[in-house]
Structure formats: C-alpha cells, structure tokens
Amino acid sequence: MIHKRKKTQKSFQNKIRNIIYMALDASTLITTLAGEENATLDSRFIRDEDERPNVAYNQFSDEIPIISLKGLLDDDDKRAEICNKMVEACEDWGVFQVVHHGVDDKLISDMTDLATAFFHLPPEEKLRFEMSGGKKGGFFMSSHLQGQPVQNWREVMGYFTYPIEARDYSRWPDKPEGWRDVTEIYSEKLMELAYKLLEVLSEAMGLEKDAFAKACVNMEQRLIVNFYPKCPQPDLTLGLNRHTDPGIISVLLQDQVGGLQVTRDGGKTWITVQPIQGAFVVNLGDHGHYLSNGRFKNADHRAVVNSNSSRLSIATLQYPVAQAVVYPLPIQEGEKAVLDEPITFSKMYMKTMIKEIELPKLNKLAKEQDSLKL
C-alpha cells in the first residue's frame, strides 16, 4: 500500500530544490559534444589520474548476489531464505539484484523505450525542462550540484514522483507521447517494491516489518533517468562520480551495456555489476545504513562510460521526509551508535552535499600545492 503524506508535513523536495543547478544551452549538452566529429574530451570532464576508471564497463563480475523474490509473500520458508540472502548482501556490499520482483516486463520495456526516446529529442526540446533557477524538477547535466570541479559525462531527467499531491506535472516531459501515464504506473510499482524490500530488512533486524518505512515518516520518491552518451575518451572521465545515495533504498533499472561499478574497500578495487535482463539493482543508502546502526552498508558506487555505445539507467530513490529523525533503530547491548546524536534527514543530506562539493575542491588544492613543492 502506498501511503499519502499529510499536506502539513514538510517535504524533503522543498529542501533539494534549493540546490542550484547549472544553466544549460544546446552547445553544452553532452549529446551535442558526443556527436561532434573527431571529438575529444573537454577539460571540464577530465579527472585526476587517481579518480579515473581502471576497470572496463563490460568487465562484468558475478560477485553481486542475484536474489529471486518468488514466494516472498506467500511462502514462509522462501521468505526466510530471501531474508537471509538480502541480509548477507547488505552486510557484504550494500547492493544486490532482484528478479521475479512482480514488475511487469512490458512496463519495464515501455519505460525504457520512452526514456531512450526522450534523450534523443532535439536539444531545444530537452532544454524546455532545464532546472536552473531553483526549479524543482526537470532536465540537467552532469550533477545537481553546482560548483563541483569536474563534471560527469551524463544527462539526466529527474523529479519527485511521491508524494502524489506534490507532483508538478509542468516539470514532467510531454514528449515522447505516453511519458506521464507510463511514469505514473512505473513509479507506483517501484514504490511498492521498495516497501516490500524494506519490510524484509526490518524483520531481519528483529523489528516490526514496517519499522524502516515508519522511520521515513512517509516515504518520498525521486525518479532519476540517466543517459550516458558514448564518450570519445572514456578512460579520462566518469559518467557519475563515486558516491553513496543519501536516502533509505534505491532501485535501479539498467540496460545491457554495463557501467555500474561498486566497491567495498574504500575505492581500492572496483567491480562492474553484471546487467541482467529485467532485473533491478537494489542498494542501501545512507539513511538505511544509519537505521541499521552500520550493520548494512551504504553502497559505494559510480558509473563509467565507453566509446562504443550510449547507456541508460532508470533509478527510483526513496527518501524519508525532511524532518524524519535519523538514528539507529536497534542498538544492541554493548554496541555504540554510529551517530553521536539524532539528526534530521534534511540536515544529514545537506551535510553530505556540502562534503561532496568541498572535498573535491580541497583535494584539488592539496594536489596543486604538492606539485609546487616538486
């Protein structure tokens, strides 16, 4: 069941909309740059050597668990088995894939086709929805964070899909035809899937099955459609920089190209997640990590690009409301909480965003100072 939040509750999306997005024009779009003859990578996309990818987009690993959800709702033994597999994956990686998840194949296909068609629209059509000036949804490039020293090689359409009463349909694409109808159904089914997965993780922690959902107060959802055009020099850049998601749980649909990479040793080694037709990649975010008191990892991941073909992924990111309290739900006797004190999600999120902007700047400054000493 999808819950509706009272209108008087403060919405997380009112916080995120205050982040300033970069102004765009047709000449700056990555699809435009990628289509130029004999193109080379613009300097604003080139990363320092220690940030560049060293594992290929199609060098797939089978280390990320693939979990069938068949029997989750009607077979107690199967539910216990699924629960154990999910717990092991969350403790080990913070990420796993699910199949037999109940989301219709045709819906997945329709959503993928529409998303692909959107990014192949002329630049002026996409720019009708650009997000500069504090708009709360639409089209942007690279990252939603202005001021990052290096840009990502991606274009994005993103907006909040839950709560329903706060949707701003003026920020949803009106082309290609059918986008709104399909997206509404898709977001609903993915929200239902997120609730089911959180119930299992709550039970695994020895809590009531709605404990994680209740910790969100009323879950919000953001749809993020990523398009990574083929890149002339993919070894110099990233489609999406290394990060963890801030919310409680994220569910990602990726095409068969490959490019999602994860690490569990602080970025020393990376693996490329094997694309599985019709599967969803599920990863825990910072909120889920803190609620579990660190037992479940917040998936550390990035996206790489390639020179052979473009790549598409569709993510639904589930968040708590802005004023939801972030603090571990279970603290066993003798354990120490991973947080010193409770904090609201909005404050946690803004701290994370400031860190994502300032840390690369400080690293760049330190490298420049080191080079002057040589």
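**Salt bridges and an open sheet**

The structure holds 18 salt bridges (side-chain nitrogen of Lys or Arg within 4 Å of a carboxyl oxygen of Asp or Glu). This is a predicted model, where local features need pLDDT of at least 70, side-chain atom pairs count only at pLDDT 80 or more, and totals for chains, interfaces and linings use all residues. Residues are numbered from 1 along each chain as its sequence is written, and side-chain values use heavy atoms, leaving out hydrogens and water.

Take Arg-79 and Glu-199, whose side chains meet in a salt bridge at 3.9 Å, N to O. Arg-79 lies in helix α3 (residues 76–92) and Glu-199 in helix α6 (residues 179–204), so the pair ties together parts 120 residues apart in sequence. Helices are DSSP runs of H or I, at least four residues; strands are runs of E, at least two; both are numbered from the N terminus. Arg-79 is buried, at 15% relative accessibility. Glu-199 is partly exposed, at 22%. Buried means under 20% relative accessible area, exposed over 50%, partly exposed in between (1.4 Å probe, protein chains only).

Arg-128 and Glu-125 also form a salt bridge, at 2.8 Å, N to O. Here Glu-125 is buried at 17%, and Arg-128 is partly exposed at 41%.

Now the sheet. Eight strands form an open sheet in the order β2-β3-β11-β8-β13-β6-β5-β4, with mixed pairing. Strands pair if DSSP finds at least two bridges between them. The edge strands are β2 (66–68) and β4 (138–141), each pairing on one side only. Four bridges join β4 to β5 (residues 155–162), and the two run antiparallel. Within β5, Met-157 is the bridge partner of Phe-139.
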